[in-house]
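Try each task before you read its solution.

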Amino acid sequence: MNDIPTGAVVCAELAFTSIESAARLQELRQRAMGYGALVSFEGVVRPVTKQGEPLDRLILDHHPRMTVSSLERIAREGAARFDICALSVVHRAGAMAPGEIIVLVAVASDHRRAAFQCADYLMDRLKTEAVFWKREQGPFGERWIEPTQRDTEDRERWNEEKTGH
Amino acid sequence: MKIAFYGQIERPFGGPAEISVPEEGVSVTTLRRLLAARYEAEAILERTVRAAVNDEIVLDTHMVYPVDTVEFMSPVSGG
């Protein structure tokens, strides 16, 4: 957890076990003083692949140092860009079964717009810049998943848009 | 020098690679060519595979020395 110049409370964490989102949201509520809106997003392992095959496991490999620093950088820059009170980014690494949470993003702010926009911004950056390598396993064997053109386009729209205050 | 790989690019190497780098250093471009030749791994020449030296992503013109920690990475994807 870091205090940054905006005064927002920022938490970015790499998790190796299940993300307990209710507990994480309660932590954020306690840290965020005087907020009026809280937006949360969970990315969850789907039971089927994009090709429609059943999925047994999703595995996220990580880098021993660069992964955590990428999460911290994205979280700090989200807090600096939007008028928010607090945010929390928790990202899983390792093997996950369908239904498990891959990432939790939660943002508390005075008003809803900044919280919605900040959560959207954080996810677009996590999809393209968080230092993870994904592979899926199932009856088809194993396959690597790389970011899509859509992910890149979603990320690039923040280069043009104004910040949400 | 031991070189680590992350993501899909690890596959043609089957684990960390070991390669000698002269004291005067080599560019990342040269290092890619050396690895491609020694391990028969053309994929290391692809521009989407990024090089990191001492935990920083670098350009192919960056010079690499024997003391450096060098890693190659396939495109990253979180979320």
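Predicted model: local features only at pLDDT ≥ 70, side-chain atom pairs only at ≥ 80, totals over all residues.

Residues are numbered from 1 along each chain as its sequence is written, while chains are lettered from A and ligands numbered from 1 in the order in which they are written.

**Exercise 1.** State how many helices and strands chain A has, and in which pattern they follow.

*Solution.* Start with the count: chain A has four helices and nine strands. Helices (H or I, at least four residues) and strands (E, at least two) are DSSP runs, numbered from the N terminus. Next, read along the sequence: the pattern is β-β-α-β-β-α-β-β-β-α-β-β-α.

**Exercise 2.** Find what share of chain A is buried.

*Solution.* Apply the cut-off: a residue is buried if 20 or more other C-beta atoms, placed from the backbone, lie within 10 Å of its own. Buried residues make up 35% of the 165 residues in chain A.

**Exercise 3.** Work out the strand order of the open four-stranded sheet, then name its edges.

*Solution.* Two strands pair if DSSP finds at least two bridges between them. The order in chain A is β6-β4-β8-β9, with antiparallel pairing. Now the edges: β6 (94-96) and β9 (141-145) of chain A each have a single partner strand, so one side of each lacks a neighbour in the sheet. Look at one pair: three bridges join β4 (residues 57-62) of chain A to β6(A). Across β6(A), Met96(A) stands opposite Leu58(A).

How values were computed
Buried ≥ 20, exposed ≤ 12 C-beta atoms within 10 Å, placed from the backbone.
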